[in-house]
Amino acid sequence: MLKLKVPLAPYTYAKIGGPAQRLMVVHSVSELKAAVKLAQTKGWPLTVLGSASNVIIADAGLTGLVIIDRAQAVSQPQPGLVRVASGTLMSQLIHFTIQHGLAGLAEFLGIPGTVGGALYNNSHHLNHLIGDLVTQVTIIDERGRVRRLPRSACQFAYDASIFQKQPWIILSATFNLSPAEPQSLQTLARAALQRRRQTQPLNFPSSGCMFKNPEKTAKQRLETQKLPPFAGFLIDQCGLKGVTSGGAQVSPLHANFIVNLNHASAQDVVRLSNRVRRQVHDRFGVWLEREIFFLGHHPQLDSTPKESLNYG
Ligand SMILES: Cc1cc2nc3c(=O)[nH]c(=O)nc-3n(C[C@H](O)[C@H](O)[C@H](O)COP(=O)(O)OP(=O)(O)OC[C@H]3O[C@@H](n4cnc5c(N)ncnc54)[C@H](O)[C@@H]3O)c2cc1C
């Protein structure tokens, strides 16, 4: 059902953001396809959200149609091959793979979000990238055509995929997983969960890590100076833990998290992330690149050309 002027903040992990001009919640891949085609026919700008755990939505909200993807389905059509709909929660997929004795995804337990969101960002846990486990992704393109992409066409890299460059909507994916003992997978999953509980500020709303870890030239430069090339470390070294802007705060527990401490606006998060970038640059000469997707109009967001300098 199409709804108008629906507040989006309650749908998001950060509890931030204005209304969607139009909103549809879909519960199957066929509903998702129909909603995408509706937007294409009407010429509406389109945003598909999974669990909205990796986004900051503008205070002014989003124009066009916002689709909340709850298309959930998981199956194992052949031994080792798992087919999953884009709106399936990662936790649901992971529990399925553990029960069926399939290795590779257990370590991702505790990362919020859907399969669609995970593939868009190529979700990572330490050095593991979710894209490495994918054999095929099915999308609907800007002309309404359903296409199957092999992994090689997905351009998966650290926090990157082709889905960030193309206006395609992910419908489903197939993972290729090797057999393992469910018990050992359970142990891996529990350890990953425990690590998250100890290191992440899970008692406050947030959208996860704000910045990517520096790569390429910036990473090399930091390593030459014997500095760990991690965004959280650099932010911490600048003494920014606990610093606030309005209701947003650099988490005192994990410096790469900006948490919604007290009714933060998107503008508060933008200002704080700008300040963090500037101070890290002044101290270390590195422009951190944002990992979180800022959707809609954020007038004060630092210009992006700077961001690519250290990652290109
Ligand atoms: C406490 C916390 C811890 C986190 N830890 C990690 C971590 O360890 N590793 C990590 O990688 N991430 C982490 N994240 C970030 C986030 O959970 C992941 O990136 C997650 O995969 C996002 O999924 P989502 O469904 O919430 O995506 P959303 O936030 O809903 O969307 C993210 C982007 O993907 C696009 N998108 C979503 N679905 C589709 C689709 N079907 N087709 C096309 N585009 C789509 C959206 O338009 C948006 O641009 C963390 C977040 C939180 C809050």
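The legends below describe close-up views of a predicted model, in which local features need pLDDT of at least 70, side-chain atom pairs count only at pLDDT 80 or more, and totals for chains, interfaces and linings use all residues. Residues are numbered from 1 along each chain as its sequence is written, and side-chain values use heavy atoms, with hydrogens and water left out.

**View 1. The shell of residues around the ligand.** Helices (H or I, at least four residues) and strands (E, at least two) are DSSP runs, numbered from the N terminus.

View 2. An oxygen atom of the ligand lies 2.7 Å from a backbone N or O atom of Val-48, and an oxygen atom of the ligand is 2.9 Å from a polar backbone atom of Pro-112. In the side chain of Arg-196, an N or O atom is 3.0 Å from an oxygen atom of the ligand. The protein buries 95% of the 970 Å² that the ligand exposes when taken alone, with accessible areas from the Shrake-Rupley method and a 1.4 Å probe.

**View 3. The crossing of helix 2 and helix 4.** The axes of helix 2 (residues 90-99) and helix 4 (residues 182-199), which come within 8 Å, cross at roughly 145°; axes are lines fitted to C-alpha atoms over the stretch in contact, and angles run from 0 to 180 degrees between N-to-C directions. Thr-97, Ile-98 and Gln-99 of helix 2 make the contact with Pro-182, Leu-185, Gln-186 and Ala-189 of helix 4, where contact means heavy atoms within 4.5 Å.

Terms used
A polar contact is a pair of N or O atoms within 3.5 Å; within protein, one must be able to donate a hydrogen and the other to accept it, and residues adjacent in sequence count only if both atoms are side-chain atoms.
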